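I opened a new notebook page today to look around a protein structure. Come along and keep the picture open beside you.

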Amino acid sequence: MLTSSVVHAAGPAWWTNDVLKSGVTTNDFAAVNQGQVKNVSYHAYLEMETKLLGGAGSNVTAMINSFSPTNNYRAVNVGQLKNLAKVFYDRLIETGYTNAYPWTTTTADDKDHAIANIGQVKRLFDWSLP
């Protein structure tokens with residue numbers, strides 16, 4: 001299960017690079033669309049490229065390069081969001097930044113077909129690299 005019950009207001013420093021707009025109030029429970037997820041992913045990729053030894057890695061880079069400029073207003077479900085975030089977390093695990101995914105290993109409680117919300121995206125990408 002992926003939850004958004006704990007959402008940080010400020011977020012990591014790299015979010016200021018066009019992830020969060022200053023002066024705009026966010027609604028963490030609003031549905032997220034593909035364009036928003038692509039934007040956060042791209043900025044997470046840039047953060048990894050500049051701060052991780054060896055950069056973002058080939059899988060993250062390939063995923064970012066595969067993004068289409070179309071369908072940006074389509075909804076994203078939780079399963080799609082976890083599938084995308086898994087590539088980032090695989091790299092974070094590989095480099096020793098973390099040792100687990102930020103969702104439970106029990107699949108019985110997963111709601112992968114539910115529409116994802118902005119708070120869930122923020123939760124998945126709420127990490128800072130030294």
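**Entry 1: the core**

I noted before anything else that this is a predicted model. Then I looked up the largest nonpolar core and found that 30 residues belong to it. I asked myself which residues have the most contacts inside this core. My list reads Trp14, Met48, Phe88, Phe125 and Trp127. Next I checked which elements give two or more residues to the core, and I wrote down α1 (34-51), α2 (58-66), α3 (78-94) and α4 (118-124). The largest share comes from α3, with seven residues.

**Entry 2: the surroundings of Phe88**

I picked Phe88 from that list, as one of the residues with the most contacts inside the core. What does Phe88 touch, once I leave aside its neighbours within four places in sequence? I found contacts with Ser41, Ala44, Tyr45 and Met48, and also with Val60, Met63, Ile64 and Phe125. Two names here, Met48 and Phe125, were already on my list of residues with the most contacts in the core.

**Entry 3: Asn77 in its loop**

I moved on to the loop between α2 and α3, where Asn77 is found. Is Asn77 buried or exposed? I read a relative accessibility of 18% for Asn77, so this residue counts as buried, because the cut-off for buried is under 20%. A polar atom of the Asn77 side chain lies 3.0 Å from the backbone nitrogen of Gly79. Not counting residues up to four places away in sequence, I also saw that Asn77 touches Asp112, His113, Ala114, Ile115 and Ala116.

**Entry 4: the largest pocket**

I then looked for pockets, and the largest has a volume of about 320 Å³. I counted 16 residues lining this pocket, and the closest to its centre are Val19, Leu20, Thr26, Gln36 and Ile118. The elements giving two or more residues to this lining are α1 and α4. By class, I noted nine nonpolar, five polar and two charged residues in the lining.

**Entry 5: the second largest pocket**

For the second largest pocket I wrote down about 210 Å³ of space. Which residues line this pocket? I listed Gln34, Val37, Lys38, Met63, Ser66, Phe67, Ser68, Val76, Gln80, Leu81 and Leu84. Here α1, α2 and α3 are the elements that give two or more residues to the lining. I sorted the lining into six nonpolar residues, four polar and one charged.

Terms used:
Residues are numbered from 1 along each chain as its sequence is written. This is a predicted model: local features need pLDDT of at least 70, side-chain atom pairs count only at pLDDT 80 or more; totals for chains, interfaces and linings use all residues. Side-chain values use heavy atoms; hydrogens and water are left out. A nonpolar core is a set of buried Ala, Val, Leu, Ile, Met, Phe, Trp, Tyr and Cys residues joined through side-chain atoms within 4.5 Å. Buried means under 20% relative accessible area, exposed over 50%, partly exposed in between (1.4 Å probe, protein chains only). Helices (H or I, at least four residues) and strands (E, at least two) are DSSP runs, numbered from the N terminus. Contact means heavy atoms within 4.5 Å. A polar contact is a pair of N or O atoms within 3.5 Å; within protein, one must be able to donate a hydrogen and the other to accept it, and residues adjacent in sequence count only if both atoms are side-chain atoms. On a 1 Å grid over the protein atoms alone, a cavity is a set of points where a 1.4 Å probe fits but cannot get out, and a pocket is an open set with protein on both sides within 12 Å along at least five of seven lines; lining residues have an atom within 4 Å of a point. Grid points are joined across faces, edges and corners, and a volume is the space filled by probe spheres set on the points. Ala, Val, Leu, Ile, Met, Phe, Trp, Tyr, Cys and Pro count as nonpolar, Asp, Glu, Lys and Arg as charged, and the others, Gly among them, as polar.
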